[in-house]
Amino acid sequence: MPADLSGRAALITGAASGIGRASAVAFSSAGASVALLDIDAGGLADTAAAVRAAGSRAEVLVADVRDLGAVTAAVGSAVDAFGRLDAAHNNAGVPGPYVPLDEYEEEDFLRILQVDLAGVWRCMRAEIRHMRSQRSGAIVNTSSMLGAAAVWLCSPEASYITGSVLVADGGWLAG
């Protein structure tokens, strides 16, 4: 039997598509109001329509998880809209090129770390501050399954940085 989340509020990052959209629809199907955060306004509009079709309130928050001020303001807007923040699913993430370590561009490496690792920290920082004041709340962070694949990545054949970056940020998130 599905949980009844009526009267609860959730924030989903990376909500414009994929796992984030599915998470938002699942929360809304259980009765929660849902704040949707992503940089893709068009995708957020589609997710908001799906959330509303499930009978829940949706708050669209266009923000980039690489920007601490934008994240802090967006989480505050969610709390202002719903009066609380009971759950968060930090799902925003970006893929990197799958190339050998010595061919990886620094810009790509830093972009992945800024979104997939530091972006989660920025979101948790803002979410925890609101949840602490309520004395309740739950946070789920999506990470790569490669966060558990360090042994595989130690083989000589596995000289691809994408996996190594994801082990670094996924392992931190999973640990």
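Tutor: From the N terminus on, the elements of the chain run β-α-β-α-β-α-β-α-β-α-α, giving six helices and five strands. Helices here are DSSP runs of H or I with at least four residues, strands are runs of E with at least two, and both are numbered from the N terminus. Bear in mind that this is a predicted model: local features need pLDDT of at least 70, side-chain atom pairs count only at pLDDT 80 or more, and totals for chains, interfaces and linings use all residues. Residues are numbered from 1 along each chain as its sequence is written, and side-chain values use heavy atoms, with hydrogens and water left out.

The five strands form an open sheet with parallel pairing, in the order 3-2-1-4-5; two strands count as paired if DSSP finds at least two bridges between them. Strand 3 (58–62) and strand 5 (138–141) stand at the edges with a single partner strand each, so one side of each has no neighbour in the sheet. From one strand to the next, the twist averages 15°. Angles like this one run from 0 to 180 degrees between N-to-C directions, and axes are lines fitted to C-alpha atoms, for helices over the stretch in contact.

Let's zoom in on strand 1. Strand 1 (residues 9–13) runs parallel to strand 2 (residues 33–38), and five bridges join them. On strand 2, A35 is the bridge partner of L11, while V34 is the bridge partner of A10. Five of the five residues of strand 1 are buried, so this strand is largely enclosed by the rest of the structure. Buried means under 20% relative accessible area, exposed means over 50%, and partly exposed is in between, using a 1.4 Å probe and protein chains only. In a regular strand, side chains alternate between the two faces of the sheet. Here A9, L11 and T13 point one way from strand 1, and A10 and I12 point the other way.

Next, the helices. Helix 3 and helix 4 (residues 106–134) pack at an angle of about 35°, with their axes 9 Å apart. From helix 3 the contact takes in L68, V71, T72, V75, G76 and V79, and from helix 4 it takes in R122, C123, R125, A126, E127 and H130. By type, those contact residues divide into six nonpolar, three polar and three charged. Ala, Val, Leu, Ile, Met, Phe, Trp, Tyr, Cys and Pro count as nonpolar, Asp, Glu, Lys and Arg as charged, and the others, Gly among them, as polar.

One more spot is worth a look, in the loop between helix 4 and strand 5, where R135 is found. Most residues other than glycine have a negative phi. R135 has a positive phi of about 65° although it is not a glycine, and R135 is exposed, with a relative accessible area of 77%.

Stepping back to the whole chain, buried residues make up 41% of its 175 residues.

Technical notes. Contact means heavy atoms within 4.5 Å.
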